[in-house]
Amino acid sequence: SHPFISLLLSGRHSLILLAVSPREFQNLGSTRDEPVGRAFDKVARRIGIPWGDHGLGASLEEYVRKGPPEGYDVSRSYEIPYFVTPMLGTYQLAFANYHSSTEQFMTARNGEIDEHTRYAVASAFQTAIAKQLEYKIKKTLEHCKSKRIPIRHIVASGGVASNLFLRERRVSDRILPAGPVLTRVTVYASH
């Protein structure tokens, strides 16, 4: 039921919309550089993740989901790119910085990293994307609350919305105070 927040997370678009009615939408945030799916693809390609059945972004997710490679020391701090959430204080999305950080990191190493570093970079990248999305959703929900717009649902769609890591983080638990503010997060995802 309306109003609700709609997230479009794909390789072509990244948007945060307020669906006021079946015919009225307000664009609260969009990407200022490249969409999230393209960032997934570029980072996966640059760190040497092989292309899978559903594309590079999905391959990066699958690579991390399999768990660390043999001999990976979880207590050790691996050198990774510096990933920062961009455009704090706004609803706008930006993902090119993750690709740029990874590119600089790889260039400084002549394009060569070992499997342990590959895993650390892929895992950190995926976590950084999740943190940005959580932050932007939280800002959006705070905005709606300040305008007395009751949001009960978040609907996510697009290929990146199928990323299980992002879905399993239980965004509503991380961004909302206790209480029945948000009742459902629905995902319409396609590969």
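This is a predicted model: local features need pLDDT of at least 70, side-chain atom pairs count only at pLDDT 80 or more; totals for chains, interfaces and linings use all residues.
1. **Overall count.** The model holds six salt bridges.

2. **Arg-46 and Glu-103.** These two side chains form a salt bridge, with the closest N and O atoms 3.0 Å apart. The pair ties together distant parts of the chain. Arg-46 belongs to helix 1 (residues 36-46), while Glu-103 belongs to helix 3 (residues 96-108). The two residues are 57 residues apart. Check this pair when looking at how helix 1 and helix 3 are linked.

3. **Exposure of that pair.** Arg-46 has a relative accessible area of 25%, so it is classed as partly exposed. Glu-103 is also partly exposed, because its relative accessibility is 29%.

4. **Glu-62 and Lys-66.** Here the closest N and O atoms lie 3.9 Å apart. The pair still counts as a salt bridge because the cut-off is 4 Å. Glu-62 is partly exposed, at 46% relative accessible area. Lys-66, at 67%, is exposed.

5. **Lys-139 and Glu-142.** This salt bridge has an N to O distance of 3.8 Å. Both residues sit in helix 4 (residues 115-146). They are three residues apart, which is about one turn of the helix. Glu-142 is partly exposed, with 38% relative accessible area. Lys-139 is partly exposed too, at 23%. Its value is over the 20% limit, so Lys-139 does not count as buried.

6. **Gln-92: placement.** Gln-92 lies in the loop between helix 2 (56-65) and helix 3.

7. **Gln-92: polar partners.** The Gln-92 side chain reaches the backbone nitrogen of Ser-30 at 3.2 Å. There is also a polar contact of 3.2 Å between the side chains of Gln-92 and Arg-32. Inspect both together in the viewer.

8. **Gln-92: neighbours.** Leaving out residues up to four places away in sequence, Gln-92 touches Leu-28, Gly-29, Ser-30, Arg-32, Met-87, Gln-132 and Lys-136.

Technical notes. Residues are numbered from 1 along each chain as its sequence is written. Side-chain values use heavy atoms; hydrogens and water are left out. Helices (H or I, at least four residues) and strands (E, at least two) are DSSP runs, numbered from the N terminus. Buried means under 20% relative accessible area, exposed over 50%, partly exposed in between (1.4 Å probe, protein chains only). A polar contact is a pair of N or O atoms within 3.5 Å; within protein, one must be able to donate a hydrogen and the other to accept it, and residues adjacent in sequence count only if both atoms are side-chain atoms. Contact means heavy atoms within 4.5 Å.
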